[in-house]
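Q: Please take a close look at the interface between the two chains. Then zoom in on one residue that sits there.

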Amino acid sequence: MSQTFIFLEHSNGKLKSGSKELLSCANNANSEIHALALGSGARNAAEEAGTFGAKVIFVNEGSEYSKYNSELFVETLASAIEQSGSKIILASSSSATRDAFPRVAAKFNAGFASDCTELNLNGDTVTARKPLYSGKCSAQVNFKNCDIKIVLMRPNQIPINDPSSGTPEVKDLQTPSIEAKVTTTEVKASDSTRPDLTEAGIVVSGGRGLQNADNFQLLSEMADTIGATVGASRAVVDAGWVPHSMQVGQTGKTVAPTLYIAAGISGAIQHLAGMSSSRVVVAINKDPEAPIFKKATYGIVGDALEILPKLTEEFKKLLA
Amino acid sequence: MNVYVCIKQVPDTESKIKLSGNGIDTSGIKWVMNPYDEFAVEEALLFKKDNPSAVVTVLCVGPKSRTVDSLRTALAMGVDNAISVDAPENLDSLQTAHALSEAIKKTGDAHIVFTGKVAIDDNQSAVSQQLANFLEIPHATVISKTAYTADSIAVDREVEGGSKEILNVKLPAVIAATKGLNNPRYASLPGIMKAKKKPITELTTTELGINTDPYVEFTDFQLPPERPSVKMIEGEVDTQVAELAKLLREEAKVL
């Protein structure tokens, strides 16, 4: 029987949906699932993973895992993977996994692919699909010449199974010793309570058509109304109106929400690359020839500054 | 004191990607320095300004014909030396990292290695961490701020949702830059002229002893599916917004 190792991410013991996606995929492929959960609440996360088919779960609830530390996570992952003996290793893409897993791959001399959008498990074979050039095209990922294969999946790509009963075997994992060449001195939480751009279900983005930084307030008001996250074009990030963490596009974030609203964004090719896999796109732009309309589901030719507040009012009425 | 910058050549972000055979059509493509690597080059030059004994060497792995322009750009910005590691185009992250590490070991012990946080072609964000593993030194990725002491760096690492982790990293280390770290300089005309005459040291994956059979191979390239054509909403602004809200709720069912 094939065996798959999944790194579980959770918040206070509740599994993140990306982890449930991976558990569902491995369970549907009849692979024996081994997993790892770390930090406060890991035991609860492990139990929940059991209801999605996980059989063996390594757990360490130590407070040292409350903050991400690259050395500690790399060594802990390596130790759990070694004990599990799995050859297929999966995790959902996040700041932590993107930082740690490539190094884990190097330690094991393993094949590594990140940011994948499709995953196929078949016995000991794994293939994936991965967008390239920020989604201007995609390709199938095949592993060759390597014993261990590591895949990081973009969240929101795989249907999640209904949970059923299942009691996993929970194994305590020792905290490995590390050289402590990296110390995490502080975590400065953002004051935003909105979801991260890459995970958001709705994104409202602004560009030069908003004319100045203050007018981004119009997008914040709309975002608060419909539960969206605010994004921006490269032009306004370069102009210093908003931080780079808000940039959507080839040199910013790649987003795939169900609804993307582009206000005052003309749609440079590098912006389109970062948002064109959004399900529904609304474009609002003064220029009827703007390239953004070619990627849009619905378009309005007009001044974003006039349309945005009125549209927010409409949304309020609709959701009241 | 050796400071290294590892860069990658990528298609210009304005490039249209067309498919050809089992891969992309590279005929019309302009190869430029990966945008995040520009922050790495600038950071090395800023470090050298404060530490004049630093020698900044830029490295690039890939087919020689594609890497030379990026290396010349780095030379024109002001780096001291350039190394080209000629390699097949389908090298994967691990082998690229291995090649970089061997080239660095051959050249001299690193004080700091700067990289970009991700290459915008395959979007793996793997080489920096893997290179650090081969060099047996720590890494820190997605770095937007640095403060140096003699044997460590304090860095800001950007994570989800606009939050930041503040790290202290012992040197030597690999530091992967993101946008916001600095403002990369433009190469001056005299810099460009001078860069044309600077020598580029040429190495190959063969002489570095790198296994070039990739672990990860891309096949079945596809363009994204075409979108159906846009539905334009006409009329007065009040009518337009009311119609749009209705379509989003009733037709698209996304609200």
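A: In this predicted model, 78 residues of chain B are in contact with 87 residues of chain A, contact meaning heavy atoms within 4.5 Å. The two chains bury about 7300 Å² between them, 54% of it on carbon and sulfur atoms; buried area is the accessible area (1.4 Å probe) that two parts lose on being put together, summed over both. In chain B, B:Lys179, B:Tyr215 and B:Arg227 lose the most area to chain A, together 11% of what that side buries.

Five salt bridges cross the interface, each a side-chain nitrogen of Lys or Arg within 4 Å of a carboxyl oxygen of Asp or Glu. A:Lys310 pairs with B:Asp238 in a salt bridge, closest N and O atoms 3.2 Å apart.

Now A:Arg103. This residue lies in helix H4 (residues 95-108) of chain A; helices are DSSP runs (H or I, at least four residues), numbered from the N terminus. A:Arg103 is buried but has no salt bridge; buried means under 20% relative accessible area (1.4 Å probe, protein chains only). The nearest side chain of opposite charge, A:Glu75, is 6.5 Å away. A polar side-chain atom of A:Arg103 lies 2.9 Å from the backbone oxygen of B:Ile137. A:Arg103 also touches B:Gln129, B:Asn133 and B:His139, among others, not counting residues up to four places away in sequence.

Residues are numbered from 1 along each chain as written, with chains lettered from A and ligands numbered from 1 in written order. Local features need pLDDT of at least 70 and side-chain atom pairs 80 or more, while totals for chains, interfaces and linings use all residues; side-chain values use heavy atoms, without hydrogens and water.

Note on methods
Helix = DSSP H or I, 4+ residues; strand = E, 2+ residues; numbered from the N terminus. Buried < 20%, exposed > 50% of the residue type's maximum accessible area, 1.4 Å probe, protein only. Lys, Arg positive; Asp, Glu negative; His and termini not counted. Polar contact = N/O pair within 3.5 Å; in protein donor to acceptor, adjacent residues only side chain to side chain.
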